[in-house]
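Here is a short tour of a protein structure, written for someone new to reading them. Please take a look at the sequence and the 3D view before reading on.

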Amino acid sequence: MEKKIAQIIDNFAEAAKNATDSASVEKLRVAFLGKKGEISELMKDLKSAPSEQKKAFGQKINQLKKDVEARLVELTATIEQKELEALINSTESYDVTMPSRVETGSYHPITLIQREVEDIFAAMGFTIEDYDEIVDDYHCFEALNIPKHHPARDMQDTYYLDNGQLLKTHTSAAQNAIMRKYGAPLRAIFPGRCFRNEAIDACHENTFFQMEGIMIDKDISISNLIYFMKTMLSEVFQRDVQVRLRPGFFPFVEPGFELDISCQVCGGTGCPSCKNSGWLELCPCGMIHPNVLTAGGIDPEEYTGFAFGLGLTRLAMMKYGVKDIRTFNSGNLKALSQFESL
Amino acid sequence: MLVSMNWIRDFVDLEGFDIDALIHRFTLSTAEVEEVYHYGENTNNVVVAQIISVENHPNSKKLHLLKIDAGDKTYDCVCGAPNVREGMKVAFAKEGGSVNGFAINKASIAGYDSYGMCCSEAELGISADNSGIMEITDDIPLGTDLKSVYEIEDIVFEVDNKSLTNRPDLWGHYGIAREFSALTGNPLKPIERVDTSVYNNLPPVNIDIEDTEHCYRYSGIKVDNVTKHVSPVNMRIRLFYCGSRAINLLADLTNYLMMEVGQPMHAFDRRKVDCVEIKRFDTPFKFKTLDGNERDIDENTLMICSNNTPVAIGGIMGGLDSEIEDDTTSLLLESANFDGVCIRKSSQRLGLRTDASMRYEKMIDPEITVVAIERFLKLLFDIDPNVQVVSSLSDSYVYKYGKIELTFDKSYVDRYTGIEISDEQIISTLTSLGFNVKHEGSTFDVTVPSWRATKDVTIKADIIEEITRIYGYDNFKITTTLSPLRPVRKSVNKSDEYYAKDLLVEKFNLHEIHSYIWADSKKFSDINVDVEDNVKLLNSINPDHVVLRNCMVPTLLTVVNENKSFGTEYGVFEIARVVDGLKQDGTCNERKKLGIVLVSRNCSEKSLFFRLRDMILLMVANLRHKAVKFEHVDACHNWQHPVNTAQISIDGKKLGFISTLHPLTAIKIDKKAAIVCAEIDMDSFAEIEKAELDYVEPSKFPGIDIDLTILRNSDMTYKTVEKIIVENGGQYLNSVKVTDIYDGAISSITLRLSFSSPDRTLAMNEIQDVVFGKIIPGLEESGILLKK
């Protein structure tokens with residue numbers, strides 16, 4: 001019996017050497033521990049063993065069984081580890097630099113800039129208004145303190161229509177209607193498309209976007225206007241923007257200003273973009289002219305307010321580095337499809 | 001406009017100020033300075049010298065060898081100028097000096113040493129004359145530094161004319177000097193002029209203003225015995241630095257006065273003009289202006305005449321015939337004021353914008369006509385003491401602007417500015433700008449000076465600007481508003497637009513484009529799209545851009561036509577305005593519409609059509625939770641396909657269309673591509689109310705699905721099939737869905753009918769009863785057959 005046990009130990013050790021994958025380990029298990037396996041056969045022999053030796057032999061066989069089982073667990077673990085390593089090592093390494101083939105659409109750059117700015121104003125409590133593109137003389141000029149024969153009308157080459165209306169030359173054309181609609185106090189912005197009858201080139205378009213804003217309340221002052229413009233523009237440009245005001249003439253504001261911001265290209269030290277002045281002319285603004293408030297049904301003795309105009313098209317050019325203004329209305333998808341997401 | 005700081009210094013003392021810094025202040029307080037020029041800075045060691053001898057250069061036909069007395073010693077100089085002569089006084093740049101940055105060194109010219117250079121006026125930068133060297137005719141000791149006698153050195157700045165539009169008073173140096181006076185606190189000196197009252201006894205100039213509506217004032221005087229014809233050097237330099245050119249003394253003086261006090265003047269040769277009438281003519285005629293051009297004069301153009309002969313276009317330009325000539329000794333001087341609008345319109349009509357008309361357009365102060373004449377005489381007497389005034393100063397002043405007095409309270413200033421500006425500062429600022437200020441308690445009574453009272457300053461808010469701009473906006477303490485919080489309204493239209501764009505871009509990969517509001521007749525005709533009659537632009541500068549578009553699709557088709565190389569499958573869209581004719585009140589029926597065009601070379605027109613239809617379904621389902629009705633209609637545009645044009649409506653409200661292209665248009669764009677298009681009226685869409693989301697609690701009991709395959713025939717629409725099934729389906733029919741469509745010799749469609757009950761498990765036989773007892777017979781009744 002002892003010989004047999006020693007033989008089985010030798011056999012197992014020999015067979016284990018050849019077990020290199022989980023299938024052969026399983027075979028090994030069946031060969032030694034299976035119902036007809038060598039150890040089971042040994043158990044059968046136990047019956048015929050002398051009874052005084054049965055206990056000792058039984059213990060030996062059990063020990064053998066345990067040893068084989070332990071060895072099998074060990075073998076399985078080693079082989080699984082090897083197989084796992086082989087699996088990992090055989091995995092294809094993907095070329096992560098492959099270009100994407102997901103198709104995407106695109107927003108018009110003006111939509112992108114407009115949403116960005118609208119969100120800023122909405123967060124500051126401004127109503128966002130939409131307004132007609134075709135207006136009458138009253139709303140585009142008269143109500144804005146630009147009477148007939150005023151030279152400001154020459155400055156804005158107007159497209160006139162055969163029904164007596166005109167294409168709005170500036171978003172200010174909405175001021176009167178919005179004042180009438182809401183009355184004071186009022187905070188509103190009104191982005192929109194404007195039209196000027198002029199020849200187009202890389203810097204001039206006859207169709208472009210502006211965004212006008214007004215804030216009217218009791219005791220709105222020039223000091224508030226400057227504060228507001230600085231805060232708003234710092235949000236738009238996502239950095240602390242320096243602003244400066246110069247006198248500027250627009251009939252619908254008094255006083256009127258040209259607002260310059262510190263040049264975003266050079267940071268104010270002077271470069272070709274700002275003609276070495278360190279400042280970029282960005283948006284006209286001013287205190288709303290009393291005549292404009294009156295025309296809008298608001299008492300200028302009780303309320304004051306400010307208005308400003310942002311050139312959205314210009315802002316988009318600055319922000320995205322679009323050099324030719326005609327790109328925006330060109331429908332050229334090679335240019336426009338690059339504006340893929342918000 | 002160009003401004004000479006030397007000229008400004010005639011009227012305000014700027015000693016000790018950093019001039020560049022002051023000019024910067026001017027930008028911040030008055031008007032934008034675009035450019036600053038430092039003239040003469042790099043001209044040094046140029047002296048008055050005399051040519052002692054002139055010899056021909058042995059090696060050159062053009063060059064001369066000069067001996068030059070420059071005060072300190074005699075210099076050898078090789079000079080190429082044609083006008084050299086012995087005894088001539090010249091501007092001599094000595095060795096070691098520089099002329100406009102050009103260093104003067106000892107040089108050997110064609111074998112002879114030269115120790116300096118005789119300069120031309122162009123080389124010195126004081127005129128455009130490079131025909132020869134400058135001849136100095138003034139009595140100046142030899143060796144005198146030229147810069148100490150002539151104003152070669154000057155700082156000149158350029159102001160954007162546009163930013164002076166509303167400031168008629170700034171169109172002359174005196175007005176600009178007033179700004180510097182206010183900015184520095186130094187007083188503004190009065191204009192030195194002669195007192196013309198001494199000529200009151202002389203015969204007047206006959207001035208007859210017939211058109212009193214457009215000529216506000218006409219002042220004139222006659223002067224004889226002018227003997228000098230060339231302007232002094234310093235006057236010529238100033239004119240040149242300020243963008244003009246010297247012509248002759250009298251013409252130069254009128255220009256000089258215009259630049260100094262802002263009053264355009266005209267000098268007529270008295271041999272041609274001895275009296276004036278100001279009027280318009282009923283019949284058009286031609287008139288030759290002094291620039292030699294023939295002009296068409298119409299009945300709206302104001303003319304200056306003498307004995308009924310037109311001699312000048314009022315406020316714009318004089319006539320060629322009465323121009324001052326080199327031998328003119330006797331003149332009639334005009335200093336007038338006209339209606340700005342009339343001058344502007346005439347100037348536009350004639351295409352002739354002059355320094356004079358630009359000033360009149362701005363509505364300059366009529367009070368200065370006489371001041372300008374008196375100043376003119378002062379300068380003329382200084383230059384040519386022999387001249388004689390031979391008439392009284394005659395002045396016809398037919399229209400005076402009203403005096404403007406404004407009253408405001410200190411609290412008004414405080415409220416408007418939001419900062420504290422002292423009473424003293426308010427008074428000193430306004431006074432320095434020429435306003436008359438009375439201050440009592442907290443009230444200010446202000447009289448606006450005549451030069452600001454023609455249109456510029458009319459209300460008290462204008463006074464705020466005067467106070468604050470001189471105070472300096474960069475000195476403002478800035479504070480936030482104290483407005484109470486209020487809810488923000490958001491328009492439905494706006495959020496629809498946002499969502500539609502997101503859906504089309506993010507889910508359907510379309511590209512948003514922008515186009516123009518008008519039809520482009522050229523681009524339209526290229527793709528066989530008719531320009532349909534609509535509202536027109538009256539004054540488009542492009543003859544192809546006249547009719548406003550009434551539909552979004554044609555412009556999108558032109559975009560597709562121009563993007564053939566972009567890709568084999570893509571879509572474009574735009575949300576913008578079109579004009580759908582006129583409304584009853586005659587105004588444009590402006591509509592905001594969404595246009596979509598899809599293009600594909602990869603799939604069939606049919607599947608592209610359904611892709612587009614599904615986009616619309618999804619958009620409406622998401623935004624309004626409503627179903628869309630599509631129904632075939634006749635094409636209403638020439639580019640729409642007569643068969644596959646369908647109307648889109650919701651709740652019976654027409655919203656737009658979806659269609660394929662007419663073959664004649666399709667073939668022009670791309671023979672190999674399928675193109676489909678749709679348009680939705682976003683304004684109408686905004687009016688459709690959003691339905692509540694229709695939620696159905698899912699049944700806890702298993703349902704039964706039955707599939708039916710139906711043979712299709714050409715005059716059967718899916719909608720009819722579905723209707724019959726639903727009508728006969730009984731209470732447990734939950735949904736009908738298409739699971740398969742087969743297009744072949746015999747086309748068929750497979751539908752899955754789902755039945756379920758909320759409170760029990762259905763028995764197969766009861767459902768079979770419904771299907772075989774009701775639904776199928778119902779279909780068969782309408783001639784719809786099941787596939788066997």
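## About the model

This is a predicted model, in which local features need pLDDT of at least 70, side-chain atom pairs count only at pLDDT 80 or more, and totals for chains, interfaces and linings use all residues. Residues are numbered from 1 along each chain as its sequence is written, while chains are lettered from A and ligands numbered from 1 in the order in which they are written.

## Domains

Domain bounds here come from an automatic or database domain assignment. For chain A, that assignment gives domain 1 (2-89) and domain 2 (109-328). The C-alpha centres of these two domains of chain A are 90 Å apart.

Chain B is divided into domains 1 to 6, among them domain 2 (44-152) and domain 4 (406-449 + 460-475). Between the C-alpha centres of domain 2 and domain 4 of chain B there are 56 Å.

## A sheet in chain B

Helices (H or I, at least four residues) and strands (E, at least two) are DSSP runs, numbered from the N terminus. Two strands pair if DSSP finds at least two bridges between them. In chain B, 3 strands form an open sheet in the order β24-β26-β25, with antiparallel pairing. Its edge strands, each pairing on one side only, are β24 (405-409) and β25 (436-440) of chain B. From one strand to the next, the twist averages 20°.

Strand β25(B) is joined to β26 (residues 443-447) of chain B by 5 bridges. B:Lys438 has B:Asp445 in β26(B) as its bridge partner.

## The helix across the sheet

Which helix lies across β25 and β26 of chain B? Helix α12 (residues 423-432) of chain B does, running at about 160° to β25(B). Axes are lines fitted to C-alpha atoms, for helices over the stretch in contact (C-beta atoms, placed from the backbone, within 7 Å), and angles run from 0 to 180 degrees between N-to-C directions.

Conventions:
Contact = placed C-beta atoms within 7 Å.
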